[in-house]
Amino acid sequence: MTVREHLREEHGAIMKVLALFQKLIRDPGRPRDELFHDLETIFDFMEVYVDRSHHGKEEDILFPALEDARAADLRHLVAALRDEHREARGLLDDLKAELQTSKMNVTFPTDRFTGQSEKYISLIRTHIRKENGHLLPEIERILPGAEQDRIEQAFKRFSVQIEGLQEIRRALDISG
């Protein structure tokens, strides 16, 4: 598997979970306990699979490799992607905190929670489209095959180190 294929596969899994997340917040007509459980599972996925594993691979392995390759034309894109990772972390932290607080409230989801959820979903979807459309094609152009192989091996080693990753993949039936 190439670096591009690896990241696109992860993007596909993320998009599927985002669709489920959006469905839950737009039509929360399930028992309250189930809704909270499903949202907690999605937030665990977003924290473990998306942020710590997927974004971690990009920030710790891919982006430095692109910077080392002196990909000046990607400098602004990589900076923007890093900023989006930070923004997504902040939104997810806020959503998780609001979910915990909302367990005490009668009305859930609140308009604020729904709005913040939609903002998070939109941010991640736009981010993925930006990577798929702009960053991933450039990887093959800029990085030699041997460097791409090194990155893919580093991705595999990185994933093994992420605590809880296998459990969240099983919980949501996601491979990779």
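Student: How does helix 2 pass helix 4, left-handed or right-handed?
Tutor: In this predicted model, helix 2 passes helix 4 in a left-handed crossing.

Student: Which residues meet there?
Tutor: From helix 2 you have Leu39, Phe43, Met46, His54, His55, Glu58, Leu62, Phe63 and Leu66. On the helix 4 side they meet Phe113, Tyr120, Ile124, His127, Glu131, Leu135, Ile139 and Ile142.

Student: And how do the residues of that contact divide into nonpolar, polar and charged?
Tutor: Twelve are nonpolar, three polar and two charged in the contact of helix 2 with helix 4.

Student: What about the geometry, say the angle and the distance between the axes of helix 2 and helix 4?
Tutor: The axes of helix 2 (residues 32-68) and helix 4 (residues 111-142) come within 13 Å, crossing at roughly 30 degrees. Helix 2 and helix 4 are therefore roughly parallel to each other.

Student: Which hand does the crossing of helix 2 and helix 3 have?
Tutor: The crossing of helix 2 and helix 3 is left-handed.

Student: And what is that contact made of by class?
Tutor: Between helix 2 and helix 3 there are twelve nonpolar, four polar and ten charged residues.

Student: I'm curious about the rings now. How many aromatic pairs does the structure hold?
Tutor: Three aromatic pairs. One of them is Phe21 with Phe43, which is edge-to-face, with 5.5 Å centre to centre and 90 degrees between the planes.

Student: Where do Phe21 and Phe43 lie?
Tutor: Phe21 is in helix 1 and Phe43 in helix 2, so the pair ties together parts that are 22 residues apart in sequence.

Student: Are Phe21 and Phe43 buried or exposed?
Tutor: Both Phe21 and Phe43 are buried.

Student: What about Phe43 and Phe113, how are those rings placed?
Tutor: The centres of the Phe43 and Phe113 rings are 6.2 Å apart and the planes are at 50 degrees, so that pair is tilted. It links distant parts of the chain, with Phe43 in helix 2 and Phe113 in helix 4, 70 residues apart. Phe113 is buried, and so is Phe43.

Student: Which residues form one aromatic cluster, then?
Tutor: Phe21, Phe43 and Phe113 form one cluster. Phe43 and Phe113 also turn up among the residues where helix 2 meets helix 4.

Student: Why does Phe36 count as buried?
Tutor: Because its relative accessibility is 6%, and buried means under 20%.

Student: And how many Å apart in space are Phe36 and Glu140?
Tutor: C-alpha to C-alpha, Phe36 and Glu140 are 42 Å apart in space, and they are 104 residues apart in sequence.

Student: Let's jump to Gln116. Where is Gln116 found, and what is Gln116 in contact with?
Tutor: Gln116 is found in helix 4. Leaving aside neighbours within four places in sequence, Gln116 is in contact with Leu91, Asp94 and Leu95. At 18% relative accessibility, Gln116 counts as buried.

Student: What about Thr126, where is its place?
Tutor: Thr126 is in helix 4, and it is partly exposed, with a relative accessible area of 40%. From Thr126 to Leu66 there are 60 residues in sequence and 21 Å in space, C-alpha to C-alpha.

Student: And Asp93, where is Asp93 found?
Tutor: Asp93 is found in helix 3, and at 48% relative accessibility Asp93 counts as partly exposed. Asp93 and Glu47 are 46 residues apart in sequence and 9.0 Å apart in space, C-alpha to C-alpha.

Student: Last one. How do the axes of helix 1 and helix 5 cross?
Tutor: At roughly 40 degrees, with the axes of helix 1 (residues 3-26) and helix 5 (residues 145-160) coming within 9 Å. That makes helix 1 oblique to helix 5.

Student: Which residues make the contact?
Tutor: Val3, His6 and Leu7 of helix 1, with Gln148, Ile151, Glu152 and Phe155 of helix 5. By class, the contact of helix 1 with helix 5 has four nonpolar, two polar and one charged residues.

Technical notes: Residues numbered from 1 in each chain as written. Predicted model: local features only at pLDDT ≥ 70, side-chain atom pairs only at ≥ 80, totals over all residues. Heavy atoms only, no water. Axes fitted to C-alpha atoms, helices over the stretch in contact; angles between N-to-C directions. Helix = DSSP H or I, 4+ residues; strand = E, 2+ residues; numbered from the N terminus. Parallel < 35°, antiparallel > 145°, perpendicular 65-115°, else oblique. Left-handed = near helix turned anticlockwise from the far one by under 90°. Contact = heavy atoms within 4.5 Å. Nonpolar A, V, L, I, M, F, W, Y, C, P; charged D, E, K, R; others polar. Buried < 20%, exposed > 50% of the residue type's maximum accessible area, 1.4 Å probe, protein only. Phe/Tyr/Trp six-rings, centres within 6.5 Å; stacked < 30°, edge-to-face > 60°.
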